[in-house]
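Subject: Structure handover and findings

Hello,

Here is the structure I promised to pass on. Please open it first, then read the notes below.

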Amino acid sequence: MDEREIKILTEAALRFLKLKKTSADVFLVSEKSMKLLNRRFLGKRNPTNVLSFEEPKGFPSRKGWKHLGEVYLCPSYIKRKGEDIRFMAFHGILHLLGYNHETKGDRMKMRESETKFLAWLENKS
């Protein structure tokens, strides 16, 4: 998946979530960069599939628009783990919206949204 496809996917995810005048930045990074981000912000020593950072409160954005924040994806890690990059991108966006997977109920709610999104995407193709 290249940057253009990620942009299309991000826009589709925001449409699916019915978020108008909302944006999010999604970056594709190497395992080395992901490892550095994971260490700096989460104190973990390894790369990971996705990291999300919410936009700080009061951060300026385009007039009338809401910027959710940034999602970082590591395509080589995602591929090596046999994961779906579309799934992981949507997963990252859900984190920007406050979803988490700390409890079983949280995981179930997040998984349900992810499954519905992937089915919706398949129907759009």
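A term to settle before the helix packing: axes are lines fitted to C-alpha atoms, for helices over the stretch in contact, and angles run from 0 to 180 degrees between N-to-C directions. Please also keep in mind that this is a predicted model.

Helix 1 with helix 5

With that convention, helix 1 and helix 5 pack at an angle of about 115 degrees. Their axes lie 11 Å apart. The class of roughly perpendicular covers 65 to 115 degrees, so helix 1 is roughly perpendicular to helix 5. Their crossing is right-handed. From helix 1, the contact uses Leu9, Ala12, Ala13, Arg15 and Phe16. From helix 5, it uses Ser113, Lys116, Phe117, Trp120 and Leu121. By class, that contact has seven nonpolar, one polar and two charged residues.

Lys116 sits in helix 5. Is Lys116 buried or partly exposed? Lys116 counts as partly exposed because its relative accessibility is 48%. Lys116 and Ser23 are 93 residues apart in sequence. In space, Lys116 and Ser23 are 20 Å apart, C-alpha to C-alpha.

Helix 1 with helix 4

Helix 1 (residues 3-16) also packs with helix 4 (residues 85-96). Here the angle is about 55 degrees, and the axes are 10 Å apart. That makes helix 1 oblique to helix 4. Helix 1 passes helix 4 in a right-handed crossing. On the helix 1 side, the contact is made by Leu9, Thr10, Ala13, Leu14 and Phe16. Helix 4 brings Arg86, Ala89, Phe90 and Ile93. The residues of this contact divide into seven nonpolar, one polar and one charged.

The cores

The largest nonpolar core has 25 residues. Which residues have the most contacts inside it? They are Val71, Leu73 and Phe117. At least two residues of this core come from each of helix 1, strand 1 (22-28), strand 3 (66-73), helix 4 and helix 5 (104-124). Helix 4 gives the most, with eight residues.

Phe117 deserves a look on screen. Leaving aside neighbours within four places in sequence, Phe117 is in contact with Leu9, Ala12, Ala13, Phe16, Arg86 and Phe90.

There is also a second, separate core of seven residues. Among them are Val29, Met34, Leu37 and Cys74.

Best regards

Definitions and conventions
Residues numbered from 1 in each chain as written. Predicted model: local features only at pLDDT ≥ 70, side-chain atom pairs only at ≥ 80, totals over all residues. Heavy atoms only, no water. Helix = DSSP H or I, 4+ residues; strand = E, 2+ residues; numbered from the N terminus. Parallel < 35°, antiparallel > 145°, perpendicular 65-115°, else oblique. Left-handed = near helix turned anticlockwise from the far one by under 90°. Contact = heavy atoms within 4.5 Å. Nonpolar A, V, L, I, M, F, W, Y, C, P; charged D, E, K, R; others polar. Core = buried A, V, L, I, M, F, W, Y, C linked by side-chain atoms within 4.5 Å. Buried < 20%, exposed > 50% of the residue type's maximum accessible area, 1.4 Å probe, protein only.
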